[in-house]
Amino acid sequence: MTRIVVIDLHGQFTHLERRALRDLGVDTEIISADTPADEVDADGVVLSGGPDMDRVGNAPDYLDRDIPVLGICLGMQLIASELDGAVGAGDYGGYADVDVEITDDADPLVGSLAPETRVWASHADEVTELPDGFARTATSDVCGIEAMSNPDAGLYGVQWHPEVAHTERGEEVFENFVAICESA
């Protein structure tokens with residue numbers, strides 16, 4: 001059975017990320033961000049959303065593992081920050097419905113959502129510059145980089161929250177990530 005752990009970066013929806021994976025038949029659990037990456041046996045990792053970078057613990061170490069990683073909101077920002085991309089304050093700080101345009105319909109994580117989908121996102125902070133090797137896979141009027149992907153490295157990120165009911169086709173994002181993990 002596929003095992004995907006959710007690294008708890010103290011977001012309010014972390015339990016919903018675990019539930020989305022569990023509902024897909026995945027062996028999953030929420031892991032403290034302080035857990036050493038080399039102590040976790042998994043086929044994939046979700047870096048949860050969260051309030052800020054000050055409490056990410058050992059989460060950056062999971063990027064060095066040879067398994068797929070999906071960063072959600074703060075998790076995506078963590079990936080960008082750790083890999084020499086840039087993160088900055090967004091123009092719109094609160095949660096809101098956002099129409100995102102999928103810019104790469106071949107992307108294994110979000111390509112199936114093309115050409116656009118409605119999502120629930122916070123843009124208090126956002127990725128402002130992609131790390132080397134990443135492609136922008138979604139954009140919106142609110143945020144230039146709504147999703148990013150580096151399939152060769154197995155690293156993916158979405159600014160929005162696919163685990164909440166307000167996001168259309170959010171379950172599909174998790175299904176696609178499970179497929180990525182199973183084929184890695």
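Modeller: What follows is a set of questions and answers on this predicted model.

Biologist: Which residues does the UniProt annotation "active site" cover?
Modeller: The annotation comes from an unreviewed UniProt entry. The annotated residues span 91 residues in sequence, yet no two of their C-alpha atoms are more than 11.3 Å apart, so they gather at one spot.

Biologist: How many charged residues does the lining of the largest pocket have?
Modeller: Sorted by class, the lining has seven nonpolar and eight polar residues. The charged residues in the lining number two.

Biologist: Is Cys-73 buried or exposed?
Modeller: Cys-73 sits in the loop between β4 (69-72) and α2 (74-82). Beyond four places in sequence, Cys-73 touches Gly-49, Ser-122, Val-158, Gln-159, Trp-160 and His-161. Its relative accessible area is 8%, and the cut-off for buried is under 20%, so Cys-73 is buried.

Biologist: What is the relative accessible area of His-161?
Modeller: His-161 belongs to the loop between β11 (155-158) and α3 (170-183). Its contacts, leaving aside neighbours within four places in sequence, include Phe-13, Glu-17, Tyr-95 and Trp-120. His-161 is buried, and its relative accessible area is 3%.

Biologist: What is phi of Cys-73?
Modeller: Most residues other than glycine have a negative phi. Cys-73 is not a glycine, yet its phi is positive. The value is near 55°.

Biologist: What is phi of Asp-84, and is this residue buried or exposed?
Modeller: Asp-84 is placed in the loop between α2 and β5 (86-89). Although it is not a glycine, Asp-84 has a positive phi of about 70°. Its relative accessibility is 66%, and the cut-off for exposed is over 50%, so Asp-84 counts as exposed.

Biologist: Which peptide bond is cis, with omega near 5°?
Modeller: Most peptide bonds are trans. This one ends at Pro-115, a residue in the loop between β6 (95-102) and β7 (116-122). The cis bond runs from Ala-114 to Pro-115.

Biologist: What separates the C-alpha atoms of Asp-38 and Arg-55?
Modeller: Asp-38 lies in the loop between β2 (27-32) and β3 (44-47). Asp-38 is exposed, with a relative accessible area of 69%. Arg-55 is 17 residues away along the chain. The separation of the two C-alpha atoms is 19 Å.

Methods:
Residues numbered from 1 in each chain as written. Predicted model: local features only at pLDDT ≥ 70, side-chain atom pairs only at ≥ 80, totals over all residues. Heavy atoms only, no water. UniProt positions renumbered as here; feature names shortened; annotations may be inferred. Helix = DSSP H or I, 4+ residues; strand = E, 2+ residues; numbered from the N terminus. Buried < 20%, exposed > 50% of the residue type's maximum accessible area, 1.4 Å probe, protein only. Contact = heavy atoms within 4.5 Å. Nonpolar A, V, L, I, M, F, W, Y, C, P; charged D, E, K, R; others polar.
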